[in-house]
Amino acid sequence: MILLVNGPNLNLLGEREPEVYGSTTLPDIEKMVEEACAAYGQSVKAIQSNYEGALLDFLQENRREAKGVIINPGALSHTSRALHDCLKALPCPSVEVHISNVHAREAWRRRDLVAPATRGQVVGLGATGYYFAAVWLCSQLGEQSAGEEAPEAVDLPPADLEPVVGGDYEG
Ligand code: DQA
């Protein structure tokens, strides 16, 4: 089972700053990740919450069944040491996703407290980043059960985002 975790304000995807986050909604993303993981025989358990503690409880409660975590902590990326510690406490790998390129926006978004607790990040590639995270996690599991047939390819969702460049980033 793969956990899909979305933090504050990501329930508003589709209507929230579409020029930054695109038009894909959270239900669209959950469906995309479910389909990507299903191709590898993995189920998905998803949560979105605006409450840090609810995300921690969810991760802790599912820690024994989870084979991997896809997490977009939203603004908690920039503030939450508790989320960092929680991911470190899990026995499975996690991949952090940011829809926008946080490095090309306000300076405060370039500090990510969660990132060091993850195996890697997909940043700035729009909602498709969740797909890449799912495929990477599942393909790692595939390697563990060597000998099984490779899953059929899943159609990539179209990119619906222009890259965010400029902002107030000054190098
Ligand atoms: C975000 C980037 C964060 O800085 C922001 O607070 C979000 C969304 C992203 O997916 O690009 O809520 O995580």
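The expected span of a helix is 1.5 Å times one less than its number of residues. Helices (H or I, at least four residues) and strands (E, at least two) are DSSP runs, numbered from the N terminus. This is a predicted model: local features need pLDDT of at least 70, side-chain atom pairs count only at pLDDT 80 or more, and totals for chains, interfaces and linings use all residues. Residue numbers start from 1 along each chain as its sequence is written.

**Helix H2.** The 13 residues of H2 should span 18 Å at 1.5 Å a residue, and its end C-alpha atoms are 18 Å apart, which agrees. Ile29, Met32, Val33, Ala36 and Cys37 are buried in H2 (20 or more other C-beta atoms within 10 Å of a residue's own, C-beta atoms being placed from the backbone). Down the helix axis, the buried residues of H2 fall within an arc of 125 degrees, so they line one face. The arc is that of the directions from the helix axis to the C-beta atoms.

**Overall fold.** The protein has five helices and five strands. Their order from the N terminus is β-α-α-β-α-β-α-β-β-α. Of its 171 residues, 35% count as buried.

**Core.** The largest nonpolar core has 37 residues (buried Ala, Val, Leu, Ile, Met, Phe, Trp, Tyr and Cys residues joined through C-beta atoms within 7 Å). Val5, Val33, Val69, Ile70, Tyr130, Ala133 and Ala134 have the most contacts inside it.

**Contacts.** Ala133 touches Ile70, Val95, Val97 and Val122, not counting residues up to four places away in sequence (contact: C-beta atoms, placed from the backbone, within 7 Å).

**Leu10.** Leu10 lies in the loop between E1 and helix H1 (18-21). Leu10 is buried, with 20 other C-beta atoms within 10 Å. Leu10 touches Leu26, Gln48, Asn72 and Gly74, leaving out residues up to four places away in sequence. The C-alpha atoms of Leu10 and Pro73 are separated by 8.8 Å, although the two are 63 residues apart along the chain.

**Ligand.** Asn9, Asn72, Gly74, Ala75, Ser77, His98, Ile99, Ser100, Val102 and Arg109 surround the ligand (C-beta atom, placed from the backbone, within 6 Å of it).

Conventions: Buried ≥ 20, exposed ≤ 12 C-beta atoms within 10 Å, placed from the backbone. Contact = placed C-beta atoms within 7 Å.
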